[in-house]
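Visitor: I would like a close look at a single part of this model, and then how that part sits in the rest of the chain. Please keep it plain and give the cut-offs as you go.

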Amino acid sequence: FRRLPQIGDVRSMVLHPATTTHLSFTPEFRAELGIDEGLVRLSVGIETVADLIADLDSALAVVSAHLEATR
């Protein structure tokens with residue numbers, strides 16, 4: 001998964017709508033749409049399932065370790 005600001009690609013990507021695709025919307029309008037600061041969009045591409053799962057496992061392990069370190 002790559003952190004990319006565009007959509008419509010064949011590669012898997014992670015998107016943070018509040019700071020990319022919906023940045024121009026007011027915070028109130030984003031809230032009406034259900035787009036809060038914690039929302040992350042995963043867009044799955046054409047990679048193999050095994051590669052996608054391995055990438056997600058790796059990324060979640062990094063996030064988990066970071067959260068544990070900051071507690």
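Guide: Ser12 is buried, with a relative accessible area of 2%; here buried means under 20% relative accessible area, exposed over 50%, and partly exposed in between, taken with a 1.4 Å probe and with protein chains only. The residue lies in the loop between strand S1 (2-3) and strand S2 (13-15). Helices (H or I, at least four residues) and strands (E, at least two) are DSSP runs, numbered from the N terminus. The side chain of Ser12 has a polar atom 2.7 Å from the backbone nitrogen of Gly45, and a polar contact of 2.6 Å joins the side chain of Ser12 to that of Glu47. A polar contact is a pair of N or O atoms within 3.5 Å; within protein, one must be able to donate a hydrogen and the other to accept it, and residues adjacent in sequence count only if both atoms are side-chain atoms.

This is a predicted model, in which local features need pLDDT of at least 70 and side-chain atom pairs count only at pLDDT 80 or more, while totals for chains, interfaces and linings use all residues. Residues are numbered from 1 along each chain as its sequence is written, and side-chain values use heavy atoms, with hydrogens and water left out. The pLDDT, the predictor's confidence in each residue from 0 to 100, averages 88 over the chain, and 89% of the residues score at least 70. Confidence is lowest in S1, at a mean of 65, and highest in helix H1 (residues 27-33), at 96.

Of its 71 residues, 14% count as buried. The accessible surface, from the Shrake-Rupley method with a 1.4 Å probe and, for residues, with only the protein chains shown as cover, comes to about 5400 Å², of which 61% belongs to carbon and sulfur atoms. Contact means heavy atoms within 4.5 Å; of the contacts with a separation of 6 or more, 42% are between residues 24 or more positions apart.

Helix H1 includes Leu33, which is partly exposed at 45% relative accessibility. Leaving aside neighbours within four places in sequence, Leu33 is in contact with His22 and Phe25. Phe25 is also part of the one aromatic pair found in the whole structure. Its partner is Phe29, and the pair is edge-to-face, at 5.1 Å centre to centre and 65 degrees between the planes. Rings of Phe, Tyr and Trp (its six-membered ring) pair if their centres lie within 6.5 Å; planes under 30 degrees apart count as stacked, over 60 as edge-to-face and the rest as tilted. Phe25 is partly exposed at 30% relative accessible area, and Phe29 is partly exposed at 36%.

The structure also holds two salt bridges, each a side-chain nitrogen of Lys or Arg within 4 Å of a carboxyl oxygen of Asp or Glu. One joins Arg30 and Glu37, with the closest N and O atoms 3.6 Å apart; Arg30 is buried at 7% relative accessibility, whereas Glu37 is exposed at 51%. The other joins Arg71 and Glu68 at 3.2 Å, N to O, and Arg71 is exposed, with a relative accessible area of 73%.
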